[in-house]
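I opened the file for this chain today. These are my notes, in the order I looked things up.

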Amino acid sequence: MAMWIPRTVEELEHAVESNSVTESHYLDCKEFTAPNGVPKTVAKCVASLAVDGGVLILGVGEDKQAQHFVMKPTPLTGLRDAVDAMISNRVTPSLRVTVDTLDRGDGTGYLVVIVPQSTRAPHMVDGRYYGRSDTAAEPLSDPDVRRLWLRHVDRRADRDALLAAEVDREPVPDELRQGARLFVFAQPLSADPRLLLDVCEECDLFRWVSRANRLPVFSCQRPYQPHIGALTGVHRRARGVARSSHHFESDRTVVRDGRSPENTVDVEIWEDGGVRLYYGRASDTLHDVDYLMLSAIAGETSGVIELAREVSKQTGFMGSWQVGVALRGLKSLPAYSTAISGEPHWKYSEDDYNETTEADHATLFSPGSPILTEMVGRFLRATFSYNMGVDHLDVFPQTEIES
């Protein structure tokens with residue numbers, strides 16, 4: 001869902017003064033109040049918006065008699081911190097939001113609270129769970145709470161199915177597979193099958209992918225080979241467009257006589273914003289020891305997460321993402337750091353690794369590497385490599401929150 005988020009004072013004031021702002025399931029407006037300036041209802045409103053995502057604008061009042069909104073700017077000093085504190089102290093479980101300040105230039109203005117669809121909803125305030133009606137926050141009944149909890153269970157099953165589907169369509173045939181292989185997906189929780197397509201110039205996703213070399217995910221060098229940034233082949237696919245290594249035909253079949261078949265890489269970008277990665281070199285050989293390429297596993301997973309951020313920015317999508325990682329061919333392989341230290345007995349105990357998560361918009365753009373940590377943390381612990389630090393392996397760590 002692409003939500004309207006006013007980015008400037010002029011945009012907000014024009015929308016209000018032209019009567020084009022109306023409260024909805026995804027948008028609420030409130031004016032500041034004395035003595036601390038922050039309406040007590042902010043916590044309930046934010047908790048309710050978190051179920052499906054939304055925006056709360058502070059500094060806009062309602063003239064109920066005239067049935068329209070009016071601008072009510074107020075001195076901004078300390079208000080942003082007060083809003084953050086109210087949400088942190090009163091909303092449980094904890095909820096990440098982004099609070100933007102719109103300053104009119106004289107120290108007065110408005111606050112825009114961006115509430116992503118939460119992967120932990122419903123949220124509670126003062127002992128009650130809250131959801132959203134068409135225009136207001138409302139306490140949830142027991143059946144409503146159970147329905148939202150079951151939604152998380154259903155989504156977990158959906159993520160597992162998406163990951164299994166990626167493994168099932170492994171493009172490299174059995175006889176050409178060498179060592180460990182990596183599968184990664186990122187899928188926006190959107191019902192729009194044209195989410196990314198419709199924001200491309202002339203709805204030309206092929207052109208967008210072909211010209212995407214300027215994006216960090218394709219221009220940034222990595223300390224390993226191969227990687228997404230080195231892909232030159234661009235192909236149309238059933239659900240979108242792919243960038244591939246030279247091993248692939250346009251239909252995603254592998255050239256049988258291609259050189260270095262273990263270096264196969266294929267990343268698909270779908271019209272609905274989904275991303276799919278196949279990476280054929282999750283392990284390598286050094287001094288006759290086969291070992292796991294931890295930097296490549298974490299780095300290419302990081303690349304898919306970065307592509308999800310780019311899709312969100314391009315489309316204005318503020319919803320959650322389903323993300324999954326699978327590895328195959330792992331049995332008895334040590335990590336690279338262990339292999340070169342002379343202690344190859346620290347070997348992975350199973351042939352498979354699977355992990356999925358759901359990440360809201362705030363988590364996607366949170367500083368550090370929260371999604372990557374959730375995706376590969378257990379794998380690094382199992383290979384006695386977690387002390388390397390996930391941040392150290394993240395090719396695209398976030399340094400500040402973006403909205």
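**Ground rules.** I am working with a predicted model, where local features need pLDDT of at least 70, side-chain atom pairs count only at pLDDT 80 or more, and totals for chains, interfaces and linings use all residues. I number residues from 1 along each chain as its sequence is written, and side-chain values use heavy atoms, with hydrogens and water left out.

**Whole chain.** I find 11 helices and 20 strands in the protein chain. Both are DSSP runs numbered from the N terminus: helices are H or I of at least four residues, strands are E of at least two. The radius of gyration is 24 Å, close to the 22 Å that the globule rule gives for 403 residues, so the chain is as compact as a globular protein of that length. That radius is taken over C-alpha atoms, and the rule is 2.2 Å times the number of residues to the power 0.38. Along the principal axes, the C-alpha trace spans about 80 × 45 × 45 Å.

I looked up burial next. Of the 403 residues, 53% count as buried (under 20% relative accessible area, with a 1.4 Å probe and protein chains only). I also checked contacts (heavy atoms within 4.5 Å). Among those between residues at least 6 apart in sequence, 70% join residues at least 24 apart.

**Four-strand sheet.** I noted an open sheet in the order β6-β9-β10-β11, with antiparallel pairing. β6 (91-92) and β11 (137-139) are the edges with a single partner strand each, so one side of each lacks a neighbour in the sheet. Pairing here needs at least two bridges found by DSSP between the two strands. β10 (residues 128-132) pairs with β11 over three bridges, in the antiparallel sense. Tyr130 stands opposite Pro139 in β11.

**Strand β15.** Is β15 buried or exposed? Six of the six residues of β15 (residues 265-270) are buried, so the strand is largely enclosed by the rest of the structure. I checked both faces. Val265, Val267 and Ile269 are buried on one side, and Asp266, Glu268 and Trp270 are buried on the other.

Which strands pair with β15? β14 (residues 240-244) runs antiparallel to β15, joined by five bridges. Val241 of that pair stands opposite Ile269. β16 (residues 275-279) also runs antiparallel to β15, again with five bridges. There Val265 stands opposite Tyr279. β15 and β16 form a hairpin with four residues between them. In the turn, Gly273 has a positive phi of about 95 degrees.

Terms used:
Buried < 20%, exposed > 50% of the residue type's maximum accessible area, 1.4 Å probe, protein only.
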